[in-house]
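Welcome, and please open your viewer. We will go through the model stop by stop, selecting a few residues each time.

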Amino acid sequence: MAGKLMHALQYDRYGGGAAGLKHVEVPVPAPKKDEVLLKIEAISVNPFDWKIQKGVSPLLPRRFPHIPGTDVAGEVLEVGARVKNFKTGDKVVAFLTHASGGALAEFAVAKESLTVIRPPEVSAAEAAGLPVAALTAHEALTKTAGIKLDGSVKQANILITAASGGVGHYAVQLAKLGNTHVTATCGARNIEFVKRLGADEVLDYKTPEGEALKSPSGRRYDAVIHCATGIPWSSFEPNLSENGKVIDLTPGVSAIITWALKKLTFSKKQLVPLIATPKGENLDFVIKLVKEGKLKTVIDSKHPLSKAEDAWAKSIESHATGKIIVEP
Ligand SMILES: NC(=O)c1ccc[n+]([C@@H]2O[C@H](COP(=O)([O-])OP(=O)(O)OC[C@H]3O[C@@H](n4cnc5c(N)ncnc54)[C@H](OP(=O)(O)O)[C@@H]3O)[C@@H](O)[C@H]2O)c1
């Protein structure tokens with residue numbers, strides 16, 4: 001593919017939202033020794049993609065211009081000299097990392113260690129939804145909250161906020177595999193949807209009960225997978241069990257202050273800021289769950305690469321139900 005051009009979307013400075021994405025023709029990237037070159041079949045957009053564009057971190061992106069996006073499913077076209085586990089023609093799903101990005105394009109390179117085989121039972125779009133969102137839900141539930149997904153430990157009470165979104169809809173399904181009792185919050189239009197995912201009780205976040213986060217059956221939460229934003233610690237605190245923790249996926253300044261205060265005062269109730277680290281082995285685990293019919297990717301909408309800015313704008317609106325997908 002050396003010297004060939006591909007269609008991609010990129011931005012060359014911070015800011016600009018969907019209008020800041022430019023359609024360009026750029027060289028197809030060449031895989032390094034530990035990378036595979038993919039012909040992309042599906043991409044999913046995550047809020048962190050446009051937050052990087054907004055300038056949330058001075059270290060990201062690594063350089064301008066930047067092709068954003070991290071979650072891709074595709075077909076292996078070339079393998080680097082040291083790649084052992086993949087060959088030309090393999091169908092795979094990969095996480096491209098926030099520093100390198102590269103997903104909103106016809107082709108991308110992925111590290112072998114962050115690439116796994118996509119079984120034929122799982123569509124490219126279903127697979128592309130997984131890397132950031134499902135692995136964040138998985139890490140929060142298993143590593144941080146200590147839930148065993150085979151349901152082998154005592155049943156815990158879990159609250160999942162924004163259960164209708166990309167992370168939340170995977171979190172509800174995974175939490176139920178762990179035999180937990182799930183209370184979930186979402187908007188009124190998604191209550192039945194979130195119940196179908198397996199939630200035991202659902203609160204409309206725009207009602208007083210939803211704002212108070214009170215479990216209708218009177219449960220105290222052992223862990224909160226907090227996928228929404230803007231909910232103060234004072235709303236969570238009275239609803240937590242003695243050692244309950246709030247796992248905050250979008251920690252702002254006040255969350256960091258609360259985290260530090262709870263640590264310093266040896267509080268049993270904790271706030272845990274979490275920035276997930278997607279791993280190949282966990283991607284393999286969740287895609288196998290999809291293959292076995294134990295986990296599903298719900299697709300909010302599909303957009304062609306020629307209109308990927310619509311997918312970007314849709315994600316910025318923050319009203320997706322499940323995952324937003326782009327297809328080259
Ligand atoms: N720390 C990490 O490693 C990590 C990883 C992935 C994501 N995140 C962060 O986690 C957050 C969620 O990500 P996502 O991909 O799930 O987002 P998303 O798909 O855009 O979430 C959209 C959904 O959230 C619902 N929602 C919004 N505010 C709500 C509230 N106050 N209560 C209940 N539901 C609410 C919306 O429902 P309505 O349309 O009805 O309002 C919509 O269905 C984002 O801030 C993202 O940046 C962090």
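Start by selecting strand S3 (residues 35–45) and strand S4 (residues 71–79): the two pair in the antiparallel sense over eight bridges. Keep in mind that this is a predicted model.

Five bridges join S3 to S6, and the two run antiparallel. Here, look for Lys39, whose bridge partner in S6 is Phe107.

Zoom in on Ile43 to find its bridge partner in S15, Val326.

Is S3 largely enclosed or open? Of its 11 residues, 10 are buried, so S3 is largely enclosed by the rest of the structure.

Next, hide the strands and turn to a pair of helices. Two packed helices are described by the angle between their axes and the distance between the axes. Select helix H3 (residues 131–144) and helix H4 (residues 166–177): their axes come within 8 Å and cross at roughly 50°. That angle makes H3 oblique to H4, and the crossing is right-handed.

Finally, show the side chains where the helices meet. On the H3 side you will find residues including Ala133, Ala137 and Leu141, and on the H4 side residues including Val167, Tyr170 and Leu174. By class, this contact has 10 nonpolar, three polar and no charged residues.

Conventions: Residues are numbered from 1 along each chain as its sequence is written. This is a predicted model: local features need pLDDT of at least 70, side-chain atom pairs count only at pLDDT 80 or more; totals for chains, interfaces and linings use all residues. Axes are lines fitted to C-alpha atoms, for helices over the stretch in contact, and angles run from 0 to 180 degrees between N-to-C directions. Helices (H or I, at least four residues) and strands (E, at least two) are DSSP runs, numbered from the N terminus. Angles under 35 degrees count as roughly parallel, over 145 as roughly antiparallel, 65 to 115 as roughly perpendicular and the rest as oblique. A crossing is left-handed if the near helix is turned anticlockwise from the far one by less than a right angle, and right-handed if clockwise. Two residues are in contact if their C-beta atoms, placed from the backbone, lie within 7 Å. Ala, Val, Leu, Ile, Met, Phe, Trp, Tyr, Cys and Pro count as nonpolar, Asp, Glu, Lys and Arg as charged, and the others, Gly among them, as polar. A residue is buried if 20 or more other C-beta atoms lie within 10 Å of its own, exposed if 12 or fewer, and partly exposed in between; C-beta atoms are placed from the backbone. Two strands pair if DSSP finds at least two bridges between them.
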